[in-house]
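Colleague: Hi! Could you walk me through this one while I have it open?
Modeller: Happy to, just ask away.

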Amino acid sequence: MGRVRALCRLRNGISKGNERVYSCWRRGSCSCSGPLSFHSLQKEARLKTALVERDDFSSGTSSRSTKLIHGGVRYLQKAIMKLDLEQYRMVKEALHERANLLEIAPHLSAPLPIMLPIYKWWQLPYYWVGIKLYDLVAGSNCLKSSYVLSKSRALEHFPMLQKDKLVGAIVYYDGQHNDARMNLAIALTAARYGAATANYMEVVSLLKKKDPETGEEHVRGARCKDVLTGQEFDVRARCVINATGPFTDTVRKMDDENAAPICQPSAGVHIVMPGYYSPESMGLLDPATSDGRVIFFLPWEKMTIAGTTDTPTDVTHHPIPSEEDINFILNEVRNYLSCDVEVRRGDVLAAWSGIRPLVIDPKSADTQSISRNHVVDISDSGLITIAGGKWTTYRSMAEDTINAAVKAHNLKAGPSRTVGLFLQGGKDWSPTLYIRLVQDYGLESEVAQHLATTYGDKAFEVAKMASVTGKRWPIVGVRLVSEFPYIEAEVKYGIKEYACTAVDMISRRTRLAFLNVQAAEEALPRIVELMGRELNWDSHRKEEELETARKFLYYEMGYKSRSEQLTDRSEISLLPSDIDRYKKRFHKFDADQKGFITIVDVQRVLESINVQMDENTLHEILNEVDLNKNGQVELNEFLQLMSAVQKGRVSGSRLAILMKTAEENLDTRVPIPVDRSCGGL
């Protein structure tokens, strides 16, 4: 297993080489430290690199982004309006890096058209000029040329758009990617080129060595702790790089307890809604929300992602999306969608908060001003810190950091060769690769497409591990949950990709937790069973994994906010006529007038209309509505459910839909007249 080999190399010293660079990657700012591991690839002067991550790769901000690879349209607007050369250079650099990332990871990224709806005539030329300048600054790196749409054409492309007062729209192109998988691909590529990469490895202190001539102390490594086993050991290196995102100041204070904080964390919340809220291949940008922020509304993994907010926050390992932020995003979405589309709170399938590590340049004259770009800082003891920046520019951040390290520590290394260097899975990928998976292995087309766009040319390795379904078609590929294309083989393969916990699997090897928290919870028992089989977990460890993963879904992925839409304190706001109608529906199941229904009652009604459903599924369905958890659904609980459904706070309730369907079937059944059956007996 990759992690085991990496730990051996860390304990015993990295393989012989010219110089050693050690990078702390502690739930850091997306992937800025990934390419540090393979920055210099020349044989005559190759850096030997170790990289440690306190949690799992991409467990922090990098898996909780807007999923865009972009230059920054709003930054270009500010650069022009304020004649800001720094902003302009930042946009130009980001556009170059955007093109490079789309080239080196074609399986994980793709161009995405984004619509800017226009509701005032004067805005049309204003935004058109700005977007055209965006294309112009990109130059040869322009993905596709932007264009203007009339009102009718805009509604044709985005039919759920608010059409009142709509003038037209402008469409421009940026990139989109699977952020957690991209981050993992960077770490795996680093390992491929010789880096020792280990997740669940925490830096507890920095090692220092005193210079005998000057008496000054210099950072020469770190004391590491294996989070999974508790074992500690030292890793020594000539250079240590702090690439820890929101936790930048934590590591800086290990070096110097008097170091002034440079990180100003900001929380960004995103929500995921069903795919029908947006076209499959067209995003939406709201450039000026009610409080001046920017909101993106984008198709992603056949769902719709909306965000983000920007709120000052404290640094935490477990950021939680607030109900206030979720409702803010929903309200902004309502402003841009047609009144025919009811934007319901219950349609939020997942929500998360990511901490953006905004930084102050410690060398700037204005120490209160937030740096718009990334900052590379070298302490008196030689600790190199890279902070700020954004996902799109991770490679150039790494290049600037290594250049600073080489200069400050007199390391021997050739120039960067990471421009155009394919990431794991990208080299032999093609848009038609999935067809070979279907033909050679008998996978469903949807599953094959998912594997191809997730693993690239490594998809064949996953397909070889796929279990036989026992069906005529598909031949292999047992799904973890029916509505998503993730298969059981991905759990086994995920362990080869350093996955150590069930949370790793549901959130970063697969993206189930980010797409639908209920589906992720449904898949958890099987995922834990498969991982336990591969990693020899005992029953206690399996229960522990289930509990930890459920807490993660409940607090960090929005399940708590979703479940609180229906509680035993929920109000019943129904018209008297609605209450009578729902009582009649309830009493069709509660035939004995007990005042509550159980699994037995539901089974009896279903059998009467020739519908079969297993007991475990029925138990899950009733448990969603059983607010006091006494094994039965009482009339008051049912009315609370229907009130929440009417208000849009709850959607997709299986019990509500099941009871409505059953009632309709019961009402439409009519007895066969005797004269139509030959008189009977």
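Colleague: Which residues form a nonpolar patch on the surface?
Modeller: Met81, Trp122 and Tyr126 do, and together they have about 370 Å² of accessible area. Keep in mind as we go that this is a predicted model.

Colleague: How far does α4 reach, end to end?
Modeller: From first C-alpha to last, α4 reaches 23 Å with its 16 residues, close to the 22 Å expected. Gly139 follows α4, and its phi is positive, near 60 degrees.

Colleague: Changing topic: where does UniProt place the EF-hand domain feature?
Modeller: The UniProt record, an unreviewed entry, puts "domain: EF-hand" at residues 577-612 and 613-648.

Colleague: How much helix is there over residues 577-612, and over 613-648?
Modeller: Residues 577-612 are 64% helix and 6% strand, with 32 Å between the end C-alpha atoms. For residues 613-648 the figures are 61% helix and 6% strand, and the end C-alpha atoms lie 27 Å apart.

Colleague: What span should helix α22 have?
Modeller: Helix α22 (residues 635-647) should span 18 Å, because it has 13 residues at 1.5 Å a residue. The end C-alpha atoms of α22 are 19 Å apart, which agrees. Just after α22, Gly648 takes a positive phi of about 85 degrees.

Colleague: Which residues of α22 are buried, and what do they pack against?
Modeller: The buried ones in α22 are Glu637, Phe638, Leu639, Gln640, Leu641, Met642, Ser643 and Ala644. They pack against α19 (576-589), β21 (633-634) and α23 (654-668).

Colleague: Now Glu545: is it buried or exposed?
Modeller: Buried, because its relative accessibility is 7% and the cut-off for buried is under 20%. Glu545 lies in helix α17, residues 539-556.

Colleague: What does Glu545 touch?
Modeller: Leaving aside residues up to four places away in sequence, Glu545 touches Thr501, Ala502, Val528 and Trp537.

Colleague: How about Lys390, where is that found?
Modeller: In the loop between β19 (384-387) and α9 (394-409). Lys390 has a relative accessible area of 17%, so it is buried. Between Lys390 and Arg585 there are 53 Å in space, C-alpha to C-alpha, and the two are 195 residues apart in sequence.

Colleague: Last one: what does Val204 touch?
Modeller: Val204 is in strand β8 (residues 201-210). Not counting residues up to four places away in sequence, Val204 touches Arg223, Cys224, Lys225, Glu232 and Met254. Val204 and Glu232 are 28 residues apart in sequence, and their C-alpha atoms are 9.0 Å apart in space. Val204 counts as partly exposed, at 34% relative accessibility.

Key. Residues numbered from 1 in each chain as written. Predicted model: local features only at pLDDT ≥ 70, side-chain atom pairs only at ≥ 80, totals over all residues. Heavy atoms only, no water. Patch = residues over 30% accessible without salt bridge, like charges linked within 9 Å, V, L, I, M, F, W, Y side chains within 5 Å. Areas by Shrake-Rupley, 256 points an atom, 1.4 Å probe, with all protein chains shown as cover. Salt bridge = Lys/Arg side-chain N within 4 Å of Asp/Glu carboxyl O. Helix = DSSP H or I, 4+ residues; strand = E, 2+ residues; numbered from the N terminus. Buried < 20%, exposed > 50% of the residue type's maximum accessible area, 1.4 Å probe, protein only. Expected span 1.5 Å × (residues − 1). UniProt positions renumbered as here; feature names shortened; annotations may be inferred. Contact = heavy atoms within 4.5 Å.
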